[in-house]
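We will go stop by stop, with something to pick at each one.

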Amino acid sequence: MRFAVRDAHPPCGYLRVLTLLVALSFAPAFARADTYCSGVLNEYLVYADGSLMIRGAWRQGWTYLCNVQGTWKGIPAEACFSWLAIVGSSKAHAKPLGVYYSGDLNCAALAEYSASPAPVYVRMGE
């Protein structure tokens, strides 16, 4: 529906829809539990194929983070190189490592190796 030039205000229906959209934008998002796993980094390694894996204190198995040679589960190699630097610094300086995942996961029971979920970010704590 087009407005005439002389109309100073849109019809009431549009105003109601606009008000509803603005109100919904301030409403909390659907409940969603994401997962943050953190602690001491026990070990990390990079395979010849570029796979970066860690073994954090929050679990005993190896967790795949990314691949420095190419995109893995949407994580580009450039991001993986940054994460490798963070992981290495975390280990070298004995600082806690944190890995954030989308979804309600159990840190102690994450899938291992390439079945691991893709992280959203990796950080080094204090």
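**Stop 1: the cysteine pair to begin with**

Please select cysteine 37 and cysteine 107, both of which are buried. They form a disulfide, with the sulfur atoms 2.0 Å apart. Keep in mind as you look around that this is a predicted model. Turn to the S-S bond: its torsion for cysteine 37 and cysteine 107 is about -95 degrees, so this disulfide is left-handed. Now colour by secondary structure. Cysteine 37 lies in strand β1 and cysteine 107 in the loop between β5 and β6, so the link ties together parts that are 70 residues apart in sequence.

**Stop 2: the strands around cysteine 37**

Stay on cysteine 37 and look across to β5, where valine 99 stands opposite. The two strands, β1 and β5, pair in the antiparallel sense over five bridges. How enclosed is β5? Four of its five residues are buried, so β5 is largely enclosed by the rest of the structure.

**Stop 3: the tyrosines**

Now show side chains for Tyr36, Tyr100 and Tyr121, which form one aromatic cluster. The structure holds three aromatic pairs, and two of them can be viewed here.

Begin with tyrosine 36 and tyrosine 121. Their rings are tilted, at 6.4 Å centre to centre with 40 degrees between the planes. Tyrosine 36 sits in strand β1 (residues 35-39) and tyrosine 121 in strand β6 (residues 121-124), so this pair ties together parts that are 85 residues apart in sequence.

Then move to tyrosine 100 and tyrosine 121. This pair is stacked: 4.9 Å centre to centre, 5 degrees between the planes. Tyrosine 100 belongs to strand β5 (residues 97-101) and tyrosine 121 to β6, so the pair ties together parts that are 21 residues apart in sequence. Tyrosine 100 counts as partly exposed, at 22% relative accessibility.

**Stop 4: the open sheet and its helix**

Select β2, β3 and β4. They make an open sheet of three strands in the order β2-β3-β4, with antiparallel pairing. Which strands are at the edges? They are β2 (41-46) and β4 (63-67), each pairing on one side only. From one strand to the next, the twist averages 20 degrees.

Zoom in on strand β3 (residues 51-56), which is joined to β4 by four bridges. Here leucine 52 stands opposite cysteine 66 in β4.

**Stop 5**

Cysteine 66 lies in strand β4 and cysteine 80 in helix α2, so the pair ties together parts that are 14 residues apart in sequence. Cysteine 66 is buried, at 0% relative accessible area, and cysteine 80 is buried at 0% as well.

To finish, show both disulfides of the structure. Number the bonded cysteines in sequence order and you can read off the pairing as 1-4, 2-3.

Note on methods: Residues numbered from 1 in each chain as written. Predicted model: local features only at pLDDT ≥ 70, side-chain atom pairs only at ≥ 80, totals over all residues. Heavy atoms only, no water. Phe/Tyr/Trp six-rings, centres within 6.5 Å; stacked < 30°, edge-to-face > 60°. Buried < 20%, exposed > 50% of the residue type's maximum accessible area, 1.4 Å probe, protein only. Pairing = 2+ DSSP bridges. Axes fitted to C-alpha atoms, helices over the stretch in contact; angles between N-to-C directions. Disulfide = S-S within 2.5 Å.
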